[in-house]
Amino acid sequence: MVKDLSVELCGIRLKNPVIPASGTFGFGLELADDMDLDVLGGISLKGTTLEARYGNPTPRIAECDGGMINSVGLQNPGIDVLVNEKVPALRKVYGGCVVANISGFSLDEYRTCCAKADACEGIDIIEVNISCPNVHNGGMAFGTDQASAAEVTRTVKEVCRKPVFIKLSPNVTDIVAIARACEDAGADGLTLVNTFLGMRIDIARRKPVIANKMGGYSGRAVFPVALRMVYQVAHACRIPVMGCGGVASERDVVEMMMAGATAVQVGAENLRNPFACPQIIDALPGLMEELGIDSLKEIISAV
Amino acid sequence: MKEVTFTVLENDPVAPRTFRMKLAGDTSAICCSGEFVQVAVEGKFLRRPISVHDCDWETLTLVYKVVGEGTAALSAKRPGDKVNALTGLGNSFDIDACQGRALLLGGGVGTAPLYLLAKELVAQSKEITVILGFNTAEEVMLADRFEELGAKVYIATMDGSAGTKGFVTDVLRIKNVSYDYFYACGPKPMLKAVCAAVRGSGEVSLEERMGCGAGFCYGCSIQTKNGPRRVCKDGPVFKKEELLW
(Lines give C-alpha, C1' and ligand atoms only; values in the text may rest on other atoms or scores of the structure.)
Protein backbone atom coordinates (compact mmCIF):
# COMPACT_ATOMS: atom_id res chain seq x y z
CA MET A 1 0.00 0.00 0.00
CA VAL A 2 1.21 3.52 -0.80
CA LYS A 3 2.11 5.31 2.39
CA ASP A 4 0.59 8.73 3.03
CA LEU A 5 3.27 10.98 4.50
CA SER A 6 1.26 14.18 4.19
CA VAL A 7 0.20 16.29 7.14
CA GLU A 8 -1.78 19.49 7.48
CA LEU A 9 -0.66 22.57 9.39
CA CYS A 10 -3.36 25.23 9.84
CA GLY A 11 -4.94 24.34 6.52
CA ILE A 12 -1.61 24.10 4.67
CA ARG A 13 -0.86 20.67 3.24
CA LEU A 14 2.73 19.45 3.59
CA LYS A 15 3.75 16.45 1.49
CA ASN A 16 5.58 15.12 4.53
CA PRO A 17 6.22 16.40 8.08
CA VAL A 18 9.99 16.94 7.72
CA ILE A 19 11.18 20.56 7.83
CA PRO A 20 14.77 21.74 8.24
CA ALA A 21 14.80 23.96 11.31
CA SER A 22 15.59 27.65 11.20
CA GLY A 23 19.30 28.42 11.24
CA THR A 24 20.35 24.99 10.02
CA PHE A 25 19.43 25.33 6.36
CA GLY A 26 20.23 28.96 5.50
CA PHE A 27 17.63 30.52 3.22
CA GLY A 28 17.16 27.24 1.37
CA LEU A 29 19.02 28.43 -1.70
CA GLU A 30 22.40 27.51 -0.22
CA LEU A 31 21.48 23.83 -0.72
CA ALA A 32 19.51 24.11 -3.96
CA ASP A 33 22.43 22.79 -6.05
CA ASP A 34 22.96 19.80 -3.78
CA MET A 35 19.47 18.34 -3.46
CA ASP A 36 15.94 18.54 -4.80
CA LEU A 37 14.40 20.91 -2.26
CA ASP A 38 10.92 19.86 -3.36
CA VAL A 39 11.21 16.57 -1.46
CA LEU A 40 11.04 18.55 1.80
CA GLY A 41 7.81 19.03 3.69
CA GLY A 42 8.78 22.64 4.29
CA ILE A 43 11.76 24.86 4.97
CA SER A 44 12.12 27.14 7.98
CA LEU A 45 14.33 30.00 6.85
CA LYS A 46 17.15 31.51 8.85
CA GLY A 47 16.01 33.87 11.62
CA THR A 48 15.50 37.37 10.29
CA THR A 49 15.44 40.75 12.00
CA LEU A 50 14.49 44.26 10.87
CA GLU A 51 18.06 45.37 10.16
CA ALA A 52 20.89 43.30 8.71
CA ARG A 53 23.05 41.70 11.41
CA TYR A 54 26.53 40.20 11.36
CA GLY A 55 25.89 38.33 14.58
CA ASN A 56 28.41 37.39 17.25
CA PRO A 57 32.20 37.19 16.95
CA THR A 58 33.82 33.85 16.07
CA PRO A 59 34.36 31.19 17.28
CA ARG A 60 30.64 30.72 17.43
CA ILE A 61 30.50 26.94 17.09
CA ALA A 62 31.61 24.36 19.69
CA GLU A 63 31.62 20.58 19.57
CA CYS A 64 29.87 18.73 22.43
CA ASP A 65 29.02 15.13 23.21
CA GLY A 66 25.90 14.33 21.23
CA GLY A 67 25.57 17.79 19.81
CA MET A 68 27.00 21.24 19.44
CA ILE A 69 26.74 24.78 20.75
CA ASN A 70 26.13 27.66 18.38
CA SER A 71 26.29 31.34 19.04
CA VAL A 72 25.74 32.67 15.55
CA GLY A 73 23.62 35.49 16.93
CA LEU A 74 21.08 35.91 14.14
CA GLN A 75 23.33 36.79 11.24
CA ASN A 76 20.88 37.82 8.51
CA PRO A 77 20.47 40.37 5.73
CA GLY A 78 17.35 42.01 7.21
CA ILE A 79 13.65 41.57 6.51
CA ASP A 80 13.59 43.64 3.30
CA VAL A 81 16.26 41.47 1.66
CA LEU A 82 14.40 38.37 2.88
CA VAL A 83 11.06 39.29 1.33
CA ASN A 84 12.40 41.06 -1.77
CA GLU A 85 15.34 38.80 -2.69
CA LYS A 86 15.75 35.57 -0.71
CA VAL A 87 12.16 34.31 -0.80
CA PRO A 88 11.50 35.17 -4.48
CA ALA A 89 14.79 33.46 -5.44
CA LEU A 90 13.90 30.37 -3.39
CA ARG A 91 10.44 30.28 -4.97
CA LYS A 92 12.04 29.83 -8.41
CA VAL A 93 13.37 26.42 -7.35
CA TYR A 94 11.03 25.35 -4.57
CA GLY A 95 7.26 24.90 -4.39
CA GLY A 96 6.73 23.56 -0.87
CA CYS A 97 5.87 25.27 2.39
CA VAL A 98 8.05 28.26 3.32
CA VAL A 99 8.27 29.20 6.98
CA ALA A 100 9.74 32.64 7.68
CA ASN A 101 11.44 32.80 11.07
CA ILE A 102 11.23 36.29 12.55
CA SER A 103 13.16 37.63 15.52
CA GLY A 104 13.19 41.02 17.14
CA PHE A 105 14.45 43.23 19.92
CA SER A 106 11.20 45.09 20.55
CA LEU A 107 7.47 44.65 19.99
CA ASP A 108 7.67 47.23 17.21
CA GLU A 109 10.37 45.24 15.46
CA TYR A 110 8.35 42.03 15.67
CA ARG A 111 5.28 43.88 14.37
CA THR A 112 7.09 45.48 11.42
CA CYS A 113 8.94 42.33 10.38
CA CYS A 114 5.92 40.05 10.68
CA ALA A 115 3.77 42.48 8.68
CA LYS A 116 6.36 42.43 5.90
CA ALA A 117 6.59 38.64 6.00
CA ASP A 118 2.79 38.42 5.95
CA ALA A 119 2.68 40.59 2.83
CA CYS A 120 5.29 38.46 1.04
CA GLU A 121 3.63 36.13 -1.43
CA GLY A 122 6.17 33.33 -1.16
CA ILE A 123 5.84 32.89 2.61
CA ASP A 124 3.24 30.44 3.99
CA ILE A 125 3.81 30.41 7.73
CA ILE A 126 5.34 32.95 10.10
CA GLU A 127 7.40 31.46 12.89
CA VAL A 128 8.06 34.01 15.61
CA ASN A 129 11.31 33.36 17.42
CA ILE A 130 10.99 34.46 21.05
CA SER A 131 13.67 32.01 22.12
CA CYS A 132 17.06 32.89 20.60
CA PRO A 133 19.58 32.49 23.44
CA ASN A 134 22.33 34.30 21.53
CA VAL A 135 21.26 37.91 21.52
CA HIS A 136 20.98 40.29 24.44
CA ASN A 137 17.90 42.36 25.28
CA GLY A 138 15.72 40.43 22.92
CA GLY A 139 15.15 37.01 21.58
CA MET A 140 14.84 34.70 24.53
CA ALA A 141 13.87 37.48 26.93
CA PHE A 142 10.43 37.52 25.30
CA GLY A 143 10.07 33.78 25.53
CA THR A 144 10.85 33.14 29.17
CA ASP A 145 7.94 35.10 30.60
CA GLN A 146 4.25 34.35 30.04
CA ALA A 147 3.13 37.96 29.85
CA SER A 148 5.74 39.05 27.31
CA ALA A 149 5.29 35.87 25.22
CA ALA A 150 1.58 36.65 25.07
CA GLU A 151 2.28 40.29 24.25
CA VAL A 152 4.51 39.39 21.29
CA THR A 153 1.87 36.93 20.08
CA ARG A 154 -0.93 39.50 20.28
CA THR A 155 1.22 42.11 18.57
CA VAL A 156 2.10 39.95 15.55
CA LYS A 157 -1.38 38.47 15.27
CA GLU A 158 -2.74 42.02 14.79
CA VAL A 159 -0.75 42.35 11.55
CA CYS A 160 -0.74 38.77 10.20
CA ARG A 161 -3.35 36.92 8.18
CA LYS A 162 -1.06 33.93 7.67
CA PRO A 163 -0.66 31.25 10.34
CA VAL A 164 1.60 32.41 13.18
CA PHE A 165 3.69 29.83 15.04
CA ILE A 166 5.51 30.95 18.17
CA LYS A 167 8.89 29.25 18.64
CA LEU A 168 9.40 28.50 22.31
CA SER A 169 12.49 28.36 24.47
CA PRO A 170 13.22 25.27 26.57
CA ASN A 171 15.10 27.46 29.05
CA VAL A 172 12.05 27.93 31.26
CA THR A 173 10.62 26.37 34.38
CA ASP A 174 7.20 25.64 32.90
CA ILE A 175 6.99 25.52 29.11
CA VAL A 176 3.31 24.57 29.26
CA ALA A 177 2.45 27.86 30.94
CA ILE A 178 4.26 29.82 28.20
CA ALA A 179 2.62 27.69 25.49
CA ARG A 180 -0.85 28.28 26.95
CA ALA A 181 -0.19 32.02 27.20
CA CYS A 182 0.68 32.08 23.48
CA GLU A 183 -2.37 30.01 22.56
CA ASP A 184 -4.65 32.28 24.59
CA ALA A 185 -3.09 35.31 22.87
CA GLY A 186 -4.09 33.91 19.49
CA ALA A 187 -1.14 31.87 18.24
CA ASP A 188 -2.09 29.50 15.42
CA GLY A 189 0.63 27.01 16.33
CA LEU A 190 3.80 26.45 18.33
CA THR A 191 7.32 25.34 17.42
CA LEU A 192 9.34 23.77 20.20
CA VAL A 193 12.02 23.69 21.25
CA ASN A 194 14.78 26.17 20.44
CA THR A 195 18.30 25.48 21.75
CA PHE A 196 19.33 24.99 25.37
CA LEU A 197 21.64 27.65 26.80
CA GLY A 198 25.01 25.97 27.23
CA MET A 199 28.74 26.53 27.55
CA ARG A 200 32.12 24.86 26.96
CA ILE A 201 35.53 25.79 28.33
CA ASP A 202 38.86 25.18 26.60
CA ILE A 203 40.76 23.82 29.60
CA ALA A 204 44.19 24.42 28.06
CA ARG A 205 43.48 28.07 27.31
CA ARG A 206 41.26 28.55 30.37
CA LYS A 207 38.73 30.37 28.22
CA PRO A 208 35.23 29.68 26.92
CA VAL A 209 35.32 27.94 23.54
CA ILE A 210 32.63 30.28 22.25
CA ALA A 211 33.69 33.93 21.86
CA ASN A 212 30.34 35.04 23.29
CA LYS A 213 30.97 32.63 26.21
CA MET A 214 27.59 30.88 25.98
CA GLY A 215 25.43 29.59 23.18
CA GLY A 216 22.57 27.32 22.28
CA TYR A 217 23.12 23.58 22.73
CA SER A 218 21.36 21.31 20.26
CA GLY A 219 21.77 17.92 18.65
CA ARG A 220 20.88 14.32 19.34
CA ALA A 221 21.45 14.58 23.11
CA VAL A 222 18.54 16.99 23.62
CA PHE A 223 15.98 14.74 21.92
CA PRO A 224 14.41 13.18 25.05
CA VAL A 225 14.03 16.57 26.72
CA ALA A 226 12.54 18.15 23.60
CA LEU A 227 10.22 15.17 23.16
CA ARG A 228 8.99 15.49 26.73
CA MET A 229 8.22 19.19 26.20
CA VAL A 230 6.42 18.50 22.90
CA TYR A 231 4.35 15.83 24.66
CA GLN A 232 3.41 18.15 27.54
CA VAL A 233 2.56 21.11 25.32
CA ALA A 234 0.68 19.12 22.67
CA HIS A 235 -1.50 17.60 25.36
CA ALA A 236 -2.13 20.93 27.04
CA CYS A 237 -2.90 23.01 23.93
CA ARG A 238 -5.30 22.61 21.00
CA ILE A 239 -3.13 24.34 18.38
CA PRO A 240 -0.69 22.30 16.24
CA VAL A 241 2.92 21.81 17.29
CA MET A 242 6.06 21.58 15.18
CA GLY A 243 8.38 19.34 17.19
CA CYS A 244 12.05 20.23 17.18
CA GLY A 245 15.14 19.22 19.12
CA GLY A 246 17.67 16.47 18.44
CA VAL A 247 15.74 14.82 15.62
CA ALA A 248 18.19 12.73 13.60
CA SER A 249 16.30 9.82 12.08
CA GLU A 250 12.95 8.64 10.74
CA ARG A 251 12.37 6.90 14.07
CA ASP A 252 12.78 10.24 15.86
CA VAL A 253 10.22 11.79 13.49
CA VAL A 254 7.66 9.11 14.29
CA GLU A 255 8.40 9.44 18.01
CA MET A 256 7.93 13.23 17.91
CA MET A 257 4.62 12.78 16.08
CA MET A 258 3.39 10.19 18.56
CA ALA A 259 4.26 12.71 21.29
CA GLY A 260 1.98 15.21 19.60
CA ALA A 261 3.88 16.98 16.81
CA THR A 262 2.06 17.58 13.54
CA ALA A 263 5.30 18.46 11.75
CA VAL A 264 8.88 17.78 12.77
CA GLN A 265 11.89 20.04 12.36
CA VAL A 266 15.41 18.69 11.89
CA GLY A 267 18.10 21.07 13.11
CA ALA A 268 21.67 20.38 14.20
CA GLU A 269 21.73 17.05 12.36
CA ASN A 270 21.82 18.99 9.07
CA LEU A 271 25.17 20.43 10.10
CA ARG A 272 26.82 17.02 10.31
CA ASN A 273 24.85 15.57 7.43
CA PRO A 274 23.47 18.09 4.92
CA PHE A 275 21.42 15.27 3.37
CA ALA A 276 19.73 14.31 6.67
CA CYS A 277 16.26 15.60 5.71
CA PRO A 278 15.97 13.89 2.29
CA GLN A 279 17.40 10.69 3.79
CA ILE A 280 14.86 10.72 6.63
CA ILE A 281 12.00 11.35 4.18
CA ASP A 282 13.25 8.47 1.99
CA ALA A 283 13.30 6.14 4.98
CA LEU A 284 9.86 7.02 6.39
CA PRO A 285 7.72 4.73 4.18
CA GLY A 286 9.84 1.70 5.14
CA LEU A 287 9.49 2.48 8.83
CA MET A 288 5.74 3.04 8.41
CA GLU A 289 5.50 -0.38 6.78
CA GLU A 290 7.41 -1.92 9.68
CA LEU A 291 5.11 -0.26 12.22
CA GLY A 292 1.87 -0.84 10.31
CA ILE A 293 1.21 2.86 9.70
CA ASP A 294 -0.63 3.84 6.50
CA SER A 295 -0.89 7.57 7.12
CA LEU A 296 1.36 9.66 9.34
CA LYS A 297 -1.64 11.77 10.30
CA GLU A 298 -3.02 8.85 12.29
CA ILE A 299 -0.06 8.75 14.70
CA ILE A 300 -0.15 12.41 15.79
CA SER A 301 -0.63 12.38 19.58
CA ALA A 302 -1.01 8.59 19.52
CA VAL A 303 0.64 8.46 22.92
CA MET B 1 29.30 18.97 -2.63
CA LYS B 2 29.52 15.21 -2.59
CA GLU B 3 29.57 12.77 0.33
CA VAL B 4 32.20 10.09 -0.24
CA THR B 5 33.36 7.14 1.83
CA PHE B 6 37.09 6.80 1.21
CA THR B 7 39.45 3.95 2.01
CA VAL B 8 42.63 4.81 3.86
CA LEU B 9 45.76 3.92 1.86
CA GLU B 10 48.34 5.56 4.13
CA ASN B 11 48.24 7.56 7.35
CA ASP B 12 51.73 8.33 8.55
CA PRO B 13 53.40 11.05 10.61
CA VAL B 14 55.31 13.68 8.63
CA ALA B 15 56.19 15.89 11.59
CA PRO B 16 55.43 15.84 15.33
CA ARG B 17 51.63 15.44 15.78
CA THR B 18 51.20 15.96 12.04
CA PHE B 19 49.97 13.25 9.68
CA ARG B 20 49.68 12.70 5.95
CA MET B 21 46.62 10.63 5.07
CA LYS B 22 46.19 9.27 1.56
CA LEU B 23 42.66 8.16 0.70
CA ALA B 24 41.23 6.23 -2.23
CA GLY B 25 37.78 7.12 -3.50
CA ASP B 26 35.64 9.34 -5.67
CA THR B 27 37.37 12.71 -6.00
CA SER B 28 35.13 14.02 -8.77
CA ALA B 29 33.70 16.86 -6.68
CA ILE B 30 37.16 18.25 -5.88
CA CYS B 31 38.21 20.78 -8.50
CA CYS B 32 41.10 22.94 -7.42
CA SER B 33 43.65 23.83 -4.77
CA GLY B 34 42.34 25.80 -1.82
CA GLU B 35 39.29 23.62 -1.34
CA PHE B 36 38.72 21.59 1.80
CA VAL B 37 36.80 18.50 2.87
CA GLN B 38 34.69 17.90 5.98
CA VAL B 39 35.80 14.67 7.60
CA ALA B 40 33.43 12.70 9.84
CA VAL B 41 35.01 11.30 12.98
CA GLU B 42 33.38 8.47 14.93
CA GLY B 43 32.05 9.64 18.27
CA LYS B 44 32.15 13.32 17.32
CA PHE B 45 29.09 15.33 16.38
CA LEU B 46 30.57 17.78 13.89
CA ARG B 47 32.86 17.03 10.97
CA ARG B 48 36.42 18.36 10.88
CA PRO B 49 37.42 20.72 8.05
CA ILE B 50 40.77 19.75 6.49
CA SER B 51 42.35 21.34 3.42
CA VAL B 52 43.08 19.37 0.28
CA HIS B 53 46.84 18.77 0.18
CA ASP B 54 46.92 16.80 -3.04
CA CYS B 55 44.38 15.16 -5.28
CA ASP B 56 44.15 13.15 -8.48
CA TRP B 57 41.40 11.15 -10.17
CA GLU B 58 41.54 8.33 -7.63
CA THR B 59 43.17 9.64 -4.49
CA LEU B 60 42.86 12.50 -2.03
CA THR B 61 45.69 13.39 0.31
CA LEU B 62 45.24 15.36 3.53
CA VAL B 63 47.95 16.69 5.82
CA TYR B 64 46.55 17.50 9.25
CA LYS B 65 47.72 18.29 12.73
CA VAL B 66 46.38 16.57 15.81
CA VAL B 67 44.85 19.43 17.79
CA GLY B 68 42.11 17.65 19.71
CA GLU B 69 40.15 14.45 20.16
CA GLY B 70 38.70 14.48 16.64
CA THR B 71 42.01 14.72 14.81
CA ALA B 72 43.55 12.29 17.32
CA ALA B 73 40.90 9.73 16.35
CA LEU B 74 41.66 10.39 12.70
CA SER B 75 45.36 9.74 13.29
CA ALA B 76 44.50 6.26 14.60
CA LYS B 77 43.08 5.22 11.21
CA ARG B 78 44.97 2.40 9.52
CA PRO B 79 45.19 1.34 5.86
CA GLY B 80 41.90 -0.26 4.86
CA ASP B 81 39.82 1.76 7.33
CA LYS B 82 37.00 3.93 5.99
CA VAL B 83 36.79 7.71 6.20
CA ASN B 84 33.59 9.55 5.30
CA ALA B 85 33.97 13.09 3.99
CA LEU B 86 31.99 15.82 2.30
CA THR B 87 34.08 16.86 -0.69
CA GLY B 88 34.12 19.85 -3.00
CA LEU B 89 33.83 22.51 -0.29
CA GLY B 90 35.05 26.08 -0.34
CA ASN B 91 36.39 28.31 -3.06
CA SER B 92 39.90 27.98 -4.47
CA PHE B 93 43.15 29.82 -5.00
CA ASP B 94 43.04 32.13 -8.01
CA ILE B 95 45.96 30.82 -10.04
CA ASP B 96 45.24 33.21 -12.90
CA ALA B 97 45.85 36.18 -10.61
CA CYS B 98 49.57 35.40 -10.80
CA GLN B 99 51.16 36.66 -14.00
CA GLY B 100 54.37 34.65 -13.89
CA ARG B 101 56.14 34.61 -10.54
CA ALA B 102 54.32 33.37 -7.46
CA LEU B 103 55.31 33.68 -3.82
CA LEU B 104 53.87 30.98 -1.55
CA LEU B 105 54.00 31.53 2.22
CA GLY B 106 53.12 28.67 4.54
CA GLY B 107 53.06 28.46 8.31
CA GLY B 108 53.08 25.09 10.06
CA VAL B 109 50.33 22.77 8.84
CA GLY B 110 49.11 25.72 6.75
CA THR B 111 51.77 24.61 4.31
CA ALA B 112 49.55 21.68 3.29
CA PRO B 113 47.14 23.30 0.77
CA LEU B 114 49.99 25.21 -0.91
CA TYR B 115 51.32 21.97 -2.39
CA LEU B 116 48.44 21.39 -4.80
CA LEU B 117 48.51 25.12 -5.58
CA ALA B 118 52.21 24.83 -6.46
CA LYS B 119 51.45 21.90 -8.78
CA GLU B 120 48.78 23.92 -10.57
CA LEU B 121 51.10 26.93 -10.91
CA VAL B 122 53.91 24.72 -12.26
CA ALA B 123 51.48 23.27 -14.81
CA GLN B 124 50.98 26.85 -16.01
CA SER B 125 54.78 27.26 -16.24
CA LYS B 126 54.83 29.81 -13.46
CA GLU B 127 57.93 30.41 -11.38
CA ILE B 128 57.50 29.66 -7.68
CA THR B 129 59.25 30.77 -4.53
CA VAL B 130 58.10 29.08 -1.32
CA ILE B 131 58.80 30.36 2.19
CA LEU B 132 57.76 28.01 4.97
CA GLY B 133 57.72 28.87 8.66
CA PHE B 134 57.84 26.45 11.59
CA ASN B 135 58.65 26.57 15.29
CA THR B 136 61.64 24.23 15.12
CA ALA B 137 63.65 22.13 12.63
CA GLU B 138 61.85 18.93 13.59
CA GLU B 139 58.52 20.44 12.52
CA VAL B 140 59.76 21.25 9.02
CA MET B 141 57.75 19.34 6.45
CA LEU B 142 57.01 19.20 2.75
CA ALA B 143 60.01 21.36 1.80
CA ASP B 144 61.44 18.54 -0.34
CA ARG B 145 58.12 18.07 -2.11
CA PHE B 146 58.07 21.72 -3.19
CA GLU B 147 61.68 21.39 -4.36
CA GLU B 148 60.72 18.36 -6.47
CA LEU B 149 58.26 20.63 -8.26
CA GLY B 150 61.12 22.99 -9.11
CA ALA B 151 60.29 25.65 -6.52
CA LYS B 152 62.89 27.73 -4.75
CA VAL B 153 62.30 26.96 -1.06
CA TYR B 154 63.31 28.99 2.02
CA ILE B 155 62.71 27.91 5.60
CA ALA B 156 62.22 30.03 8.69
CA THR B 157 62.11 28.64 12.22
CA MET B 158 61.31 30.49 15.41
CA ASP B 159 64.29 29.01 17.25
CA GLY B 160 66.68 29.23 14.30
CA SER B 161 67.26 25.46 14.24
CA ALA B 162 66.65 25.42 10.49
CA GLY B 163 66.90 28.17 7.88
CA THR B 164 66.43 31.78 8.88
CA LYS B 165 65.65 32.50 12.53
CA GLY B 166 62.30 34.21 12.79
CA PHE B 167 59.14 34.50 10.73
CA VAL B 168 58.48 33.97 7.05
CA THR B 169 58.36 37.76 6.77
CA ASP B 170 61.96 37.90 8.05
CA VAL B 171 63.06 35.69 5.15
CA LEU B 172 61.32 38.05 2.79
CA ARG B 173 63.20 41.01 4.30
CA ILE B 174 66.60 39.34 3.97
CA LYS B 175 66.32 37.51 0.66
CA ASN B 176 65.73 39.20 -2.62
CA VAL B 177 62.59 37.45 -3.78
CA SER B 178 60.84 38.68 -6.88
CA TYR B 179 57.18 37.88 -7.40
CA ASP B 180 54.07 39.49 -8.75
CA TYR B 181 51.46 37.78 -6.54
CA PHE B 182 51.46 35.97 -3.21
CA TYR B 183 49.46 33.12 -1.67
CA ALA B 184 49.55 32.40 2.07
CA CYS B 185 48.14 29.89 4.53
CA GLY B 186 48.94 29.53 8.21
CA PRO B 187 47.97 30.75 11.67
CA LYS B 188 46.02 34.00 11.80
CA PRO B 189 48.81 36.11 13.40
CA MET B 190 51.16 35.00 10.61
CA LEU B 191 48.62 35.86 7.91
CA LYS B 192 48.02 39.25 9.47
CA ALA B 193 51.76 39.93 9.53
CA VAL B 194 52.11 38.70 5.95
CA CYS B 195 49.33 40.96 4.70
CA ALA B 196 50.91 43.92 6.48
CA ALA B 197 54.49 43.21 5.38
CA VAL B 198 54.22 41.76 1.90
CA ARG B 199 53.89 44.37 -0.79
CA GLY B 200 51.62 43.85 -3.75
CA SER B 201 48.48 41.81 -4.17
CA GLY B 202 47.81 38.36 -2.90
CA GLU B 203 45.40 36.09 -1.15
CA VAL B 204 45.26 34.08 2.05
CA SER B 205 43.47 30.93 3.12
CA LEU B 206 41.76 31.34 6.50
CA GLU B 207 40.80 28.86 9.17
CA GLU B 208 37.74 29.14 11.40
CA ARG B 209 35.69 26.84 13.59
CA MET B 210 32.97 25.58 11.30
CA GLY B 211 29.57 24.05 11.63
CA CYS B 212 28.23 22.74 8.34
CA GLY B 213 31.22 23.64 6.15
CA ALA B 214 28.90 24.21 3.21
CA GLY B 215 27.60 27.73 3.73
CA PHE B 216 24.19 27.22 5.26
CA CYS B 217 24.71 27.50 9.03
CA TYR B 218 26.61 30.80 9.02
CA GLY B 219 28.71 29.60 11.95
CA CYS B 220 32.08 30.68 10.53
CA SER B 221 31.31 34.14 9.17
CA ILE B 222 33.92 36.87 9.40
CA GLN B 223 33.57 40.61 8.83
CA THR B 224 35.26 41.83 5.66
CA LYS B 225 35.40 45.10 3.74
CA ASN B 226 32.57 43.67 1.63
CA GLY B 227 30.39 42.73 4.61
CA PRO B 228 30.01 39.38 6.37
CA ARG B 229 31.57 36.44 4.50
CA ARG B 230 31.38 32.72 5.29
CA VAL B 231 34.88 31.26 5.57
CA CYS B 232 33.55 27.86 4.42
CA LYS B 233 31.67 29.01 1.33
CA ASP B 234 32.83 32.49 0.30
CA GLY B 235 36.35 31.41 1.40
CA PRO B 236 38.49 29.90 2.77
CA VAL B 237 40.62 31.91 0.30
CA PHE B 238 40.20 35.69 0.51
CA LYS B 239 41.99 38.51 -1.29
CA LYS B 240 44.31 40.49 0.95
CA GLU B 241 42.44 43.68 0.09
CA GLU B 242 39.13 42.25 1.31
CA LEU B 243 40.20 41.40 4.85
CA LEU B 244 39.85 43.37 8.05
CA TRP B 245 42.25 42.24 10.77
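In this predicted model, Asp12(B) stands opposite Arg20(B), which belongs to strand E2(B). The setting is a pair of strands. Strand E1 (residues 2–15) and strand E2 (residues 18–24) of chain B run antiparallel, joined over seven bridges.

Seven strands of chain B form an open sheet, with antiparallel pairing. Their order is E4-E3-E7-E1-E2-E6-E5. Which strands stand at the edges? They are strand E4 (48–51) and strand E5 (54–55) of chain B. Each has a single partner strand, so one side of each is left without a neighbour in the sheet.

**Enclosed elements of chain B**

Strand E8 of chain B covers residues 101–107. Six of its seven residues are buried, so this strand is largely enclosed by the rest of the structure. E8(B) pairs with E9(B) in the parallel sense, over seven bridges. Arg101(B) stands opposite Glu127(B) of E9(B).

Helix H2 of chain B spans residues 112–123. Nine of its twelve residues are buried, so the helix too is largely enclosed by the rest of the structure. Among the buried residues are Leu114(B), Tyr115(B), Leu116(B) and Leu117(B). Glu120(B) is also buried. Just after H2(B) comes Ser125(B), with a positive phi of about 60°.

Next, look at Glu139(B). Its place is the loop between strand E9 (127–134) and helix H3 (143–148) of chain B. Glu139(B) is buried, yet it has no salt bridge. How far away is the nearest side chain of opposite charge? That side chain is Lys65(B), at 5.2 Å. A salt bridge needs the nitrogen within 4 Å of the carboxyl oxygen. Glu139(B) does have contacts beyond its neighbours within four places in sequence: Ala15(B), Pro16(B) and Phe134(B).

**Salt bridges**

The count over all chains comes to 25 salt bridges. Three of them are set out here.

| Pair | Closest N and O atoms |
|---|---|
| Asp108(A) and Arg111(A) | 2.6 Å |
| Arg161(A) and Asp118(A) | 3.3 Å |
| Glu203(B) and Lys239(B) | 3.1 Å |

Start with the pair inside a helix. Asp108(A) and Arg111(A) lie three residues apart in helix H2 (residues 107–119) of chain A, so about one helical turn separates them. An α-helix has 3.6 residues a turn, so residues three or four places apart point the same way. Arg111(A) is partly exposed, at 30% relative accessible area.

The salt bridge between Arg161(A) and Asp118(A) links distant parts of the chain, 43 residues apart. Arg161(A) lies in the loop between helix H3 (146–159) and strand E9 (164–167) of chain A, while Asp118(A) is in helix H2 of chain A. Asp118(A) is buried, at 3%.

Glu203(B) is buried, with a relative accessible area of 1%. Lys239(B) is partly exposed, at 31%.

Salt bridges can also share partners. Lys3(A), Glu289(A) and Asp294(A) are joined into one network this way.

**A nonpolar surface patch**

Five residues of chain A form a nonpolar patch on the surface: Leu197(A), Met199(A), Ile201(A), Ile203(A) and Met214(A). Together they have about 510 Å² of accessible area. Met199(A) is found in strand E11 of chain A. Its relative accessibility is 41%, so Met199(A) counts as partly exposed.

**Backbone details**

Where are the cis peptide bonds? One joins Thr58(A) and Pro59(A), with omega about -5°. Pro59(A) lies in the loop between strand E4 (42–44) and strand E5 (61–64) of chain A. Another joins Leu192(A) and Val193(A), with omega about 10°. Val193(A) is in the loop between strand E10 (189–192) and strand E11 (196–199) of chain A.

Positive phi values turn up in residues other than glycine. Lys213(A) has a phi of about 70°. Its loop runs between strand E13 (207–208) and strand E14 (214–218) of chain A. Tyr218(B) has a phi near 60°. Tyr218(B) lies in the loop between strand E13 (202–205) and strand E14 (221–224) of chain B. Is Tyr218(B) buried or exposed? Tyr218(B) has a relative accessible area of 10%, so it counts as buried.

Methods
Residues are numbered from 1 along each chain as its sequence is written. Chains are lettered from A and ligands numbered from 1 in the order in which they are written. This is a predicted model: local features need pLDDT of at least 70, side-chain atom pairs count only at pLDDT 80 or more; totals for chains, interfaces and linings use all residues. Side-chain values use heavy atoms; hydrogens and water are left out. Helices (H or I, at least four residues) and strands (E, at least two) are DSSP runs, numbered from the N terminus. Buried means under 20% relative accessible area, exposed over 50%, partly exposed in between (1.4 Å probe, protein chains only). Two strands pair if DSSP finds at least two bridges between them. Patches are made of residues with over 30% relative accessible area and no salt bridge: like charges are joined within 9 Å, nonpolar side chains (Val, Leu, Ile, Met, Phe, Trp, Tyr) within 5 Å. Accessible areas come from the Shrake-Rupley method with a 1.4 Å probe; for residues, only the protein chains shown count as cover. Lys and Arg count as positive and Asp and Glu as negative; His and the chain ends are not counted. Contact means heavy atoms within 4.5 Å.
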